[in-house]
Amino acid sequence: MLKGLHHAAIICADYSASKHFYVDILGLSVIAENYRAARDSYKLDLLLPDGSQVELFSFPSPPSRPSFPEARGLRHLAFIVDSVDSFADYLESCHVEVEPIRVDEYTGKKYTFFNDPDRLPLELYEG
């Protein structure tokens, strides 16, 4: 039986920019950071308050992710927040573009989308 989501793995193009975004702007905590010389790659393990994790990888010259139009596969990564309005305002103060806030027609909860430095679609969902 599945018990929860352990982690989501993300491959980035600019490790420094993505590390800054996920750690300094989104506020994820660093669990471990390892450089793998054989792969010329970093692996950064990041922790969210609920115990779930994001793994941030760097690889030399990774191909772009087809996002627009949306491609088959993982669509986006959604984060739970207490207030979509407040967190969206915070992101905008950090010069992160945020889409207009919407209301889920089925749950009545607010949500919105924004992108990481590689244009990976991320969602804020009011929990």
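Tutor: Accessible areas here come from the Shrake-Rupley method with a 1.4 Å probe; for residues, only the protein chains shown count as cover. The model is predicted: local features need pLDDT of at least 70, side-chain atom pairs count only at pLDDT 80 or more, and totals for chains, interfaces and linings use all residues. Residues are numbered from 1 along each chain as its sequence is written, and side-chain values use heavy atoms, with hydrogens and water left out.

The protein exposes about 8400 Å². Carbon and sulfur atoms supply 54% of that area. Two helices and eight strands make up the secondary structure (DSSP runs numbered from the N terminus: helices are H or I, at least four residues; strands are E, at least two). Their order along the sequence is β-α-β-β-β-β-α-β-β-β. Of the 127 residues, 35% count as buried, meaning under 20% relative accessible area with a 1.4 Å probe, protein chains only.

Now the residue: Thr112. It lies in strand β7, which spans residues 110-115. Thr112 counts as buried because its relative accessibility is 0%. Leaving out residues up to four places away in sequence, Thr112 touches Val84, Val98, Glu99, Pro100, Ile101, Leu122, Glu123 and Leu124. Contact means heavy atoms within 4.5 Å.

Definitions and conventions
Buried < 20%, exposed > 50% of the residue type's maximum accessible area, 1.4 Å probe, protein only.
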